[in-house]
Structure formats: C-alpha cells, structure tokens
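Please read the following points beside the sequence and the model.

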Amino acid sequence: MSLHNILPTIIADNQLHARWLNTLSLMENTGARKISASEDPTTVTYIILKHAAEEHRHAFYLKKQIEKTGKAFCPTYADEYLVASNYSKYYLNMLDVEVCRYLKTELHLTGKELRFAAYLLVTYAIEVRADELYPIYQDALDNAGSKINVKSIILEEEGHLEEMINQLKTFSPQWQLHADKAVAMETRLFNDWVVALGEEVN
Ligand SMILES: [Fe+2]
Ligand SMILES: [Fe+2]
C-alpha cells in the first residue's frame with residue numbers, strides 16, 4: 001500500500017480525514033519543538049528562527065483545517081484523535097536517535113556540535129520527505145474536490161529544503177554523504193509508518 005492508495009480512502013471519510021490532519025499537525029509540532037529545543041540561545045540565526053516559526057505555523061494551520069471536515073473533531077493529540085498513533089509519535093524521535101548515534105560514532109561529535117549537526121541532518125531528511133508528501137496529499141485533495149488545501153505549506157517546505165542545503169554546505173564539504181545516510185534512515189521509518197497507516201485505514 002502506498003500513500004497514493006491510502007489518501008483517497010482517508011479523504012473520503014471526514015472523521016478519518018480529521019485524524020490524518022491532526023496527525024500531520026502533531027508531526028509538524030514535534031518538528032517545530034525539536035528545532036526550538038536545539039537552538040543555541042546565543043548563536044541562533046535568522047534562518048533557524050524563521051524555520052521554527054514556520055513549522056509551528058504548519059502545526060496550527062493543519063489543526064485549523066480540521067474545521068473544514070465538518071465537525072469539531074480532534075481537540076488534542078491523544079491517541080484516539082490520531083492515525084497510526086505510535087508510529088506517528090515515534091517517527092521523529094527515532095530518526096533523531098538514529099542520526100545522533102551515527103554522528104557520535106562516525107564523526108565523534110558531542111554536546112553543542114552534536115545537537116547542531118543532528119538538527120541539520122534530521123531536518124534535511126524531513127524536508128526531503130515533506131517535499132514529496134505534501135504534493136501527493138494536495139493532488140489527492142484536488143482529485144476529491146476538497147475544500148482543504150496545503151499549498152502554503154508546500155511553498156514554505158520548498159524554501160526549507162534549500163535553506164537546509166545551504167546550512168549543510170557550511171557544516172561539511174562531505175554534507176551529501178551524511179545527508180544521504182539520514183535520508184536512508186528516514187526512508188525506513190517512513191515506510192513503516194505508511195504500512196501502519198494502511199493497516200489502520202483498511
Ligand atoms: Fe513543516
Ligand atoms: Fe519544513
């Protein structure tokens with residue numbers, strides 16, 4: 001089962017669609033909180049502040065889209081208001097753990113340096129995913145004639161990927177090698193998430 005098959009089923013069911021939006025909101029919020037948590041209080045830059053602000057906005061925007069599904073579903077991020085709740089909650093944390101392990105063993109980073117490098121690689125992998133996932137979702141919304149749209153998120157996510165690449169280039173001349181590792185870790189976790197989604201939806 002791929003997202004292309006799962007999304008029409010989700011969109012056709014208002015209650016399920018509300019939970020899907022809430023789940024994306026949770027994941028955006030987790031990402032936003034991770035960026036904020038990794039900020040150095042002194043050396044944090046314009047780009048990092050912008051990025052954190054936009055990820056927080058995505059979490060809010062997706063939560064607000066739930067209204068368009070018709071009812072006041074999903075007041076919180078409690079499990080019953082999510083889809084594939086375990087995988088959705090642990091996806092980002094697991095990616096963070098795996099990337100940190102890689103940075104410790106391969107680059108021997110610790111402390112502040114480790115935190116910053118993990119922010120760069122985890123966020124890069126997520127931005128690659130976001131640039132794939134949101135357009136697929138938008139297509140499915142268009143096909144279903146839905147009132148919900150995520151175009152403003154797509155626009156900002158494209159900017160994020162570019163910003164991450166710029167920051168990675170300053171971080172290491174071998175950035176692509178490390179970034180590819182992070183993407184491979186993310187791909188495994190994402191595929192597991194999609195399998196869990198497919199099982200819940202059918
Ligand atoms: Fe986002
Ligand atoms: Fe983003």
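1. Along the chain of this predicted model, the donor residues of the iron ion (ligand 1) are spaced E-x26-E-x2-H-x98-E. That ion is coordinated by Glu28 through two OE entries, by Glu55 (OE), by His58 (ND1) and by Glu157 (OE), at 2.0 to 2.6 Å, where donors are N, O and S atoms within 2.8 Å of the metal (3.2 Å for Na, K and Ca) and where sites may look incomplete, since water is not among the atoms. Glu55 lies in helix H3 (residues 46-65) and Glu157 in helix H6 (residues 151-171), so the pair ties together parts that are 102 residues apart in sequence; helices here are DSSP runs of H or I with at least four residues, strands are runs of E with at least two, and both are numbered from the N terminus.

2. The iron ion (ligand 1) and the iron ion (ligand 2) lie 3.5 Å apart, and Glu55 bridges them.

3. Are Glu55 and Glu157 buried or exposed? Both are buried, with a relative accessible area of 6% for Glu55 and of 2% for Glu157; buried means under 20% relative accessible area, exposed over 50% and partly exposed in between, computed with a 1.4 Å probe on protein chains only.

4. As to conventions, residues are numbered from 1 along each chain as its sequence is written, while chains are lettered from A and ligands numbered from 1 in the order in which they are written. Local features need pLDDT of at least 70 and side-chain atom pairs count only at pLDDT 80 or more, whereas totals for chains, interfaces and linings use all residues, and side-chain values use heavy atoms, with hydrogens and water left out.

5. On confidence, the protein chain has a mean pLDDT of 95, with 99% of its residues reaching 70 or more; pLDDT is the predictor's confidence in each residue, from 0 to 100. Among the elements of the chain, H6 has the lowest mean pLDDT (94), and helix H7 (residues 175-201) has the highest (97).

6. Glu54, which lies in helix H3, deserves a separate look. Leaving aside neighbours within four places in sequence, Glu54 is in contact (heavy atoms within 4.5 Å) with Glu156 and His160. The side chain of Glu54 also meets that of Lys50 in a salt bridge (3.6 Å, N to O), a term that requires a side-chain nitrogen of Lys or Arg within 4 Å of a carboxyl oxygen of Asp or Glu. Lys50 and Glu54 both lie in H3, four residues apart, about one turn of the helix. Within this pair Glu54 is buried at 15% relative accessibility, whereas Lys50 is partly exposed at 27%.

7. How many salt bridges does a search of the whole structure find? The search finds eleven. One of them joins Lys64 and Glu67, with the closest N and O atoms 3.6 Å apart; Lys64 counts as partly exposed at 41% relative accessibility, and Glu67 as exposed at 53%. Another links Arg188 with Glu98, where the closest N and O atoms are 3.2 Å apart. Arg188 lies in helix H7 and Glu98 in helix H4 (residues 85-107), so this pair ties together parts that are 90 residues apart in sequence. Glu98 counts as buried, at 16% relative accessibility. Salt bridges that share partners also join Lys50, Glu54 and Glu163 into one network.

8. The largest nonpolar core has 64 residues, and those with the most contacts inside it are Leu3, Trp20, Val99, Leu103, Tyr134 and Tyr137; such a core is a set of buried Ala, Val, Leu, Ile, Met, Phe, Trp, Tyr and Cys residues joined through side-chain atoms within 4.5 Å. The elements giving two or more residues to this core are helix H1 (3-12), helix H2 (14-38), H3, H4, helix H5 (111-144), H6 and H7, and the largest share, 16 residues, comes from H5. Leaving aside neighbours within four places in sequence, Val99 is in contact with Ala118, Leu121, Val122, Ala182 and Met185.
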